[in-house]
Amino acid sequence: MGFKCGIVGLPNVGKSTTFNALSNQQAEASNFPFCTIDPNVGIVPVKDERLYRIAELVQPAKVTPAVVEFVDIAGLVKGASTGAGLGNRFLSHIRDVQVIVHVVRCFENEDIVHQEGTIDPVRDIEIVDTELILADLQTVENRYLKTQRLAKSGDKSLKKQLELLDEIKRTLNNGVALRKAKLDDEARSLAEELRLLSLKPVIYVANVPEDQIEGNEYSEKVVEVAREESAPVVVLSSKIEEQISRLTSDEEKREFMEMLGIRESGLDRLAREGYRMLGLISFFTAGKKEARSWTIKRGTTAKEAAGVIHSDIERGFIRAEVIAYDDYIAAGGEKQAKEKGLMRLEGKDYVVQDGDVIYFRFNV
């Protein structure tokens with residue numbers, strides 16, 4: 001299990017360049033709107049040093065990290081909710097992602113035109129939010145009219161749904177994105193069922209110039225906006241990230257980053273924020289054939305985690321042999337951890353912890 005992030009923003013903010021860096025694929029990046037018409041999809045490995053430390057001990061034939069799916073979605077403009085630009089195609093692509101990665105332009109460049117003519121991160125964020133809200137209003141209104149017709153039968157559950165739709169409409173009509181609203185559980189559940197766009201969590205990417213990688217006055221404005229909704233911000237230079245991604249060896253990347261004074265890639269931070277926002281954790285399996293990282297939701301049981309690997313393992317689950325990551329590394333591997341009594345036998349209801357190294361016993 002991984003997760004899907006949609007990279008959005010106004011035209012010419014650096015979305016496709018950021019995508020290229022993430023996936024090392026070359027989505028067309030040109031100085032005009034809509035150069036990305038169909039969403040490019042990149043499957044990106046998640047850097048987790050724990051997996052590679054496990055691999056150093058096991059020396060497997062293969063190392064398989066968890067992955068994130070990034071979708072580069074065409075640039076949005078004012079009026080997208082009513083069909084402007086690529087309109088509904090843009091909005092439909094957002095419905096399919098779990099997290100919105102909103103790239104905000106925080107650089108000046110006379111050679112790269114801005115859709116609105118000036119650099120203003122707050123305005124740009126408001127444009128995208130407004131289009132999501134307007135699209136949600138249309139979805140809610142359509143559902144309301146349909147439910148209103150059906151409610152004439154006297155079904156009390158449908159009357160309750162109308163009340164919830166009214167609550168959601170009021171919020172949207174006030175110009176508030178649903179992710180910022182204090183909806184009750186029933187209203188939030190209905191909004192999720194409708195796959196409303198403004199409900200999706202957002203990670204802001206402040207795209208700064210190559211010589212301002214620590215941030216600038218524009219990225220500070222993004223931080224201020226994000227702080228109001230408790231959203232994470234990753235400040236990066238998409239140009240630098242793309243250069244890093246094109247280097248062929250880890251050593252070259254490390255040397256280049258050290259030269260620039262970068263301790264960690266901005267894209268690694270982006271993947272980590274995505275995990276955190278969605279409540280995702282990793283567990284590991286390790287053997288001579290393969291060391292692998294598996295992604296699950298926090299709170300997943302051992303039996304459910306077994307199903308992530310294969311449905312047969314979940315169906316025939318007997319027990320999980322579990323070693324905490326720190327114990328596994330400190331002991332020097334599985335055999336040594338067993339000898340020191342650090343392996344635990346857990347049943348189907350055990351809640352898997354982040355970093356657990358697990359061997360599943362099963363019979364089918």
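The model is predicted: local features need pLDDT of at least 70, side-chain atom pairs count only at pLDDT 80 or more, and totals for chains, interfaces and linings use all residues. Residues are numbered from 1 along each chain as its sequence is written, and side-chain values use heavy atoms, with hydrogens and water left out.

**Overall make-up**

The protein has 14 helices and twelve strands; these are DSSP runs numbered from the N terminus, helices being H or I with at least four residues and strands E with at least two. Of its 364 residues, 50% are buried. Buried means under 20% relative accessible area, exposed over 50%, and partly exposed in between, with a 1.4 Å probe and protein chains only. The protein exposes about 18100 Å², and carbon and sulfur atoms supply 46% of that area. Accessible areas come from the Shrake-Rupley method with a 1.4 Å probe; for residues, only the protein chains shown count as cover.

A contact means heavy atoms within 4.5 Å. Among contacts with a separation of 6 or more, 68% are between residues 24 or more positions apart.

**The sheet**

Six strands form an open sheet with mixed pairing, in the order S2-S4-S1-S5-S6-S7. Its edge strands, S2 (40-45) and S7 (233-236), each pair on one side only. Two strands pair if DSSP finds at least two bridges between them. Neighbouring strands of this sheet are turned by 25 degrees against each other on average, direction ignored. Axes are lines fitted to C-alpha atoms, for helices over the stretch in contact, and angles run from 0 to 180 degrees between N-to-C directions.

Strand S1 (residues 4-8) runs parallel to strand S5 (residues 99-105), joined by four bridges. S1 also pairs with S4 in the parallel sense, over four bridges. Some of the facing residues are listed here.

| Residue | Opposite residue | Strand of the opposite residue |
|---|---|---|
| Ile7 | Val101 | S5 |

Helix H1 (residues 15-23) is largely enclosed by the rest of the structure, because nine of its nine residues are buried. Among them are Lys15, Phe19 and Leu22. The buried residues of H1 pack against S1, S2, S4, S5, helix H8 (238-246) and H10. Helix H10 (residues 266-277) lies across strand S4 (67-72), S5, strand S6 (202-207) and S7, running at about 170 degrees to S7.

**Nonpolar cores and cysteines**

A nonpolar core is a set of buried Ala, Val, Leu, Ile, Met, Phe, Trp, Tyr and Cys residues joined through side-chain atoms within 4.5 Å. The largest has 50 residues, of which Phe70, Ile94, Tyr204 and Leu270 touch the most other members. Apart from this core lies another, of 21 residues, including Tyr144 and Leu172.

Cys5 counts as buried because its relative accessibility is 2%, and Cys106 counts as buried at 0%. A search of the whole structure finds zero disulfides, a disulfide being a pair of cysteine sulfur atoms within 2.5 Å.
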